[in-house]
Amino acid sequence: MELEASILLELGVLLLVLTTMSGLAWRIGFSAAPLFLVAGLAAGEGGLVPFTHSFDFLEVAGGIGVLLLLLTLGLEFSAAEFTATMKRHAPTGVIDFVLNAPPGFIAGLMLGLDWRASLALAGITYISSSGIIARLLSDLGRLGNRETPAVLSVLVLEDVAMAAYLPLLGAVLVGGHLVAGVLGSIVAVLITLSVIWLTQRTEKAANWLFTHDDEEQVLFRVLGITFAVAGLAELAGISAAVGAFLVGLAIPSPAAERVREILRPLRNLFAALFFFVFGLGIDPGELGPALPAAFALAFVTIFTKLGTGWFAAGREGASVRGKLRAGTALIARGEFSVVIAGLAVAAGYVALGPVASAYVLIVAVVGPVLARSSDWLAAVFLKQPKPKPKREPGTDHQKQDSVDANE
């Protein structure tokens, strides 16, 4: 099978653009994700250079990028840590839902949307972007920070909540019975919990499977299992992203570090394509009329996510700066929000599309900016002293805890 010259040219230009964006982000010490989003927006339908010939490939590559981001996010936890953290942060999950879902639902009703579309908008404002935030924490070297387990716990609780929410929303949007949607949600949650229980009892087998002298063997095994589990999760009505996270969770700590190193270049490539494709799907011409409502909603939900992160990090005993870091890290919305908006638009609620797209783009760009500036914001507005130099990524939590505790 021969590749068309137009496809190769588009992909070549794209990768050159992405490397320019990445280099710029590296020079200014900033996450590249928002720059990739803006590049996609400029190249999308109605943009400067539409990527029409390679779009199908890029769409698949973007989906793989989400899976790899969630897989590497799961690698940061062991199954035991995951269970303990979920128990500890169950109240945070409640606070997160109460603060962030109602603004979307109320805004939908105020905009004259049907209650079903308003329910979709509630999900869009509720769910943070695991993909953007996972990349952001890595780029900023905060994986070892004291507040990071709280941030990851919020993301995981939200992803698990999506296992219940998406089947329910899907049934409601197509005019199905609410009871059927509720039953589907219950089944999805039970499957997720069962997988978590199983991973805690197969650690030795998992360690053997993912420990091999040949990196190629490790790569093929990890990707094969991840894609298979993600596909089964999607068929079960959970989420391919949750399935990928669970695979990362099942890989024990001795093997997880090596798997992260092997996956890093592949993850970075496909993650960049995901953010680009997300921007590619937004028509700039439709954003203008929706911007006032989107900015107002973004303003409100930036503060509600700050409240979620502040509460979650406080339960970990983080400093004021740590609480602010956690809150700003959670602001970005992304992949799940786009999925929810897509379901609503496909069901005929077209008016939701521009508002959702503008909103997600705003918080996906503003969130990383605020996260990058969180220590400066703490010093200026909260009168916190200048932070000590950060430790390298991968610092164990106990050592980093002692650093944060003295700040």
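Modeller: The protein chain has 19 helices and zero strands. Keep in mind that this is a predicted model.

Colleague: How many residues of the protein chain count as buried, as a percentage?

Modeller: Buried means under 20% relative accessible area. The protein chain has 407 residues. The share that counts as buried is 50%.

Colleague: Leaving aside neighbours within four places in sequence, which residues is Phe275 in contact with?

Modeller: Contact means heavy atoms within 4.5 Å. With neighbours within four places left out, the partners of Phe275 are Ala33, Phe36, Leu37, Leu69, Gly131 and Ile132.

Colleague: Is α6 parallel, perpendicular or oblique to α14?

Modeller: Helix α6 (residues 115-126) packs against helix α14 (residues 284-315) with axes 10 Å apart. Their angle is about 50°. Roughly parallel needs under 35 degrees, and roughly perpendicular runs from 65 to 115. The angle therefore makes α6 oblique to α14.

Colleague: How many residues of the contact of α6 with α14 are charged?

Modeller: From α6 come Leu121, Thr125 and Tyr126; they meet Leu297, Thr301 and Lys305 of α14. Three residues of this contact are nonpolar and two are polar. The charged count is one.

Key. Residues are numbered from 1 along each chain as its sequence is written. This is a predicted model: local features need pLDDT of at least 70, side-chain atom pairs count only at pLDDT 80 or more; totals for chains, interfaces and linings use all residues. Side-chain values use heavy atoms; hydrogens and water are left out. Axes are lines fitted to C-alpha atoms, for helices over the stretch in contact, and angles run from 0 to 180 degrees between N-to-C directions. Helices (H or I, at least four residues) and strands (E, at least two) are DSSP runs, numbered from the N terminus. Angles under 35 degrees count as roughly parallel, over 145 as roughly antiparallel, 65 to 115 as roughly perpendicular and the rest as oblique. Ala, Val, Leu, Ile, Met, Phe, Trp, Tyr, Cys and Pro count as nonpolar, Asp, Glu, Lys and Arg as charged, and the others, Gly among them, as polar. Buried means under 20% relative accessible area, exposed over 50%, partly exposed in between (1.4 Å probe, protein chains only).
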